[in-house]
Amino acid sequence: MEKPNNILIVKKPQDDKTARAMIELANWLHQTRPDMNIIVERYAAEQFRKELPFVHVIDQNEYTRTVDFAITLGGDGTLLHLSSLFPKAVPPVVSFSLGTLCFLMSYRFDRYQDILGNMISGHNIGLNMRMRLFCSLHQSNGKRIQVDGKEVRDRQVMNEVTLHRGRYPHLAAVHCLVDDQYLTECIADGLIVSTPTGSTAYSLSAGGPIVHPSVQSLVLTPICPRSLSFRTVLLPSSSIIQLKLTVVDW
């Protein structure tokens, strides 16, 4: 791995512990590698303009092209937020456990100097690859769904995509197609399509299995299905899944 020049630090917002951690870590990085560009989100730059006058703010659209690696200070939600900042490829991420739920966190914060020192020095380190889902929303006629006159943009998500009945008082009827082949009709409160990473989140609470991150697969889990025989289905990670809401006269 080449020595990084541009590093993005993302912290859990409105949290004193991660605020102190960011100040300590950013100052250490600046002293260790004064030539390194430390990038933070705009709100963090404004919050720490006195403590961290050397940090940079760039447009989010430039993250993918500019950032060499990223650091998260918080819990799983902070890591998911970081993932959402990169609509395409995500750079290597070092996650420090400082949040409420830290299932995905790799390291304790008190080891940050050793861990980041190895990365900055260009030493070989292990990477845990995590897949994401590509999601797009369309009307029944194939046109993209619009909100306030604007098309809902495509998204890449790290945990899951959930189709839920929302405020509708009856069960939802969802037709499931995989690679343009009809799979089943799900009569339930909703349906979850999750990654292996997301298999320990909402899908697990809905009765789905835990899938190791190295197992490239998609997890299709019903939410409170009407049929007792409808259980979770594991599909290849290359599958194209279509979920179509159908109108049912209950």
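The largest pocket in this predicted model is lined by 25 residues, and those nearest its centre are Ser136, Leu137, Ile241, Gln242 and Leu243. Its space comes to about 950 Å³. The largest share, 5 residues, comes from E16. By class, the lining of the largest pocket holds 13 nonpolar, 10 polar and 2 charged residues.

On a 1 Å grid over the protein atoms alone, a pocket is an open set of points where a 1.4 Å probe fits, with protein on both sides within 12 Å along at least five of seven lines, and a lining residue has an atom within 4 Å of a point. A volume is the space filled by probe spheres set on the points, which are joined across faces, edges and corners. Helices (H or I, at least four residues) and strands (E, at least two) are DSSP runs, numbered from the N terminus. Ala, Val, Leu, Ile, Met, Phe, Trp, Tyr, Cys and Pro count as nonpolar, Asp, Glu, Lys and Arg as charged, and the others, Gly among them, as polar.

I turn to the second largest pocket, with a volume of about 720 Å³. Of its 26 lining residues, Pro92, Val93, Leu127, Asn128 and Arg130 are the closest to its centre. At least two lining residues each come from helix H4 (76-84), strand E4 (93-97) and helix H5 (112-120). This second lining divides into 17 nonpolar, 6 polar and 3 charged residues.

Next, two loop residues. Most residues other than glycine have a negative phi. Asp148, in the loop between strand E7 (146-147) and strand E8 (150-151), has a positive phi of about 55°. Asp179, in the loop between strand E11 (172-178) and strand E12 (181-188), also has a positive phi, near 55°. Are these residues buried or exposed? Asp148 counts as exposed because its relative accessibility is 76%, whereas Asp179, at 41%, counts as partly exposed. Buried means under 20% relative accessible area, exposed over 50%, and partly exposed in between, with a 1.4 Å probe and protein chains only.

Finally, confidence. The mean pLDDT (the predictor's confidence in each residue, from 0 to 100) is 90 for the chain, and 94% of residues reach 70 or more. Strand E5 (residues 107-108) is lowest, at a mean of 86, and strand E2 (residues 37-40) highest, at 97.

Residues are numbered from 1 along each chain as its sequence is written, and side-chain values use heavy atoms, leaving out hydrogens and water. In this predicted model, local features need pLDDT of at least 70 and side-chain atom pairs count only at pLDDT 80 or more, while totals for chains, interfaces and linings use all residues.
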